[in-house]
Amino acid sequence: MSPFTGSAPRTPDWQHLRYEVDDGVATVTLARPDKLNALTFGAYADLRDLLAELSRDKSVRALILGGEGRGFCSGGDVDEIIGATLAMDTAQLLDFNRMTGQVVRAIRECPFPVIAAVHGVAAGAGAVLALAADFRVADPSARFSFLFTRVGLSGGDMGAAYLLPRVVGLGHATRLLMLGDPVRAPEAERIGLISELTDEGKAAEAARTLARRLADGPALAYAQTKALLTSELDMPLAAAVELDAATQALLMNGEDYKEFHAAFTEKRPPKWQGR
């Protein structure tokens, strides 16, 4: 995303989530523990807008998305969203559903890795937020449920029918999106839905460790790798190879590539600049 912002100021306060940043590592916490961090209209919009701001800001090099209390996220709030949507017309419903999809796009398109730290329930939209992340670090209490058909809607919500087959394969994705049955941590790890399974209660700590490693690494190389992973999902091989070649040619002109060679020659760790 372009770093040019025009007249738009930075948002001084995020009202629907908790946001902190420490030396390049941002932590976004869904903080409605009494509602299992159920999402509201405001929470969706804040996530979308925060990710856009951070993408332009370029000071964040890794982001952790987590939930406060007993679980990660139970999905859309039944009263505040599902109840409200029953009174909306088609145009309003389209605006809402586009917004939820924009959150997923923002996670996939931001130029820094996103780590979902999952414990307890990750259901409905919460499961898709975790799915959209680059890494899903979870403890044994984690359970994923793509519940959309359970409420009479398509399982292909928020890009789930696009992303999930690419993570776990079409067969598993069909089962999970059609039936909406919970997938507990051992099975989620077996089918590739979990990137790292931790000990009980250690998901947040492991996510911080991974985020620190990523933030201390070659940020531009990570950003371009993420961009290629997303862009090449639907490309033929010839186009993907050409895009890889162009990307590598650009990075070979970068400071980090020169720094690696200097560090190797001088027998010291590289000092990555993200340039």
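Hi everyone, let me begin with a term: a residue is buried when its relative accessible area is under 20%, exposed when that area is over 50%, and partly exposed in between, using a 1.4 Å probe and protein chains only. We are looking at a predicted model, where local features need pLDDT of at least 70 and side-chain atom pairs count only at pLDDT 80 or more, while totals for chains, interfaces and linings use all residues. Residues are numbered from 1 along each chain as its sequence is written, and side-chain values use heavy atoms, leaving out hydrogens and water.

With that in hand, is Thr100 buried or exposed? Thr100 has a relative accessible area of 2%, so it is buried. Thr100 sits in helix H3, residues 90-109; helices here are DSSP runs of H or I with at least four residues, strands are E runs of at least two, and both are numbered from the N terminus. Not counting residues up to four places away in sequence, Thr100 touches Tyr44 and Met158, where contact means heavy atoms within 4.5 Å.

Now for the sheet. Strands of a sheet pair through backbone hydrogen bonds, either parallel or antiparallel. Here, two strands pair if DSSP finds at least two bridges between them. In this model, six strands make an open sheet with mixed pairing, in the order E1-E2-E3-E4-E6-E9. Its edge strands are E1 and E9 (196-197), each pairing on one side only.

Let's start at E1. Strand E1 (residues 18-22) runs antiparallel to strand E2 (residues 25-30), with five bridges, and Arg18 stands opposite Thr29 in E2. The two strands form a hairpin with two residues between them, and Asp23 in the turn has a positive phi of about 50°.

Moving along, Ala62 belongs to strand E3, residues 62-67. Ala62 is buried, at 0% relative accessibility. Beyond its neighbours within four places in sequence, Ala62 contacts several residues, including Gly24, Phe112 and Leu214.

What is the sense of pairing between E4 and E6? Strands E4 (residues 114-118) and E6 (residues 135-138) are parallel, over four bridges, and Ile115 has Phe135 as its bridge partner in E6.

Last stop, a helix pair. Among the residues of H5 that meet H6 are Leu164 and Val168, and among those on the H6 side are His172 and Leu176. By class, this contact has nine nonpolar, one polar and no charged residues, with Ala, Val, Leu, Ile, Met, Phe, Trp, Tyr, Cys and Pro counted as nonpolar, Asp, Glu, Lys and Arg as charged, and the others, Gly among them, as polar.
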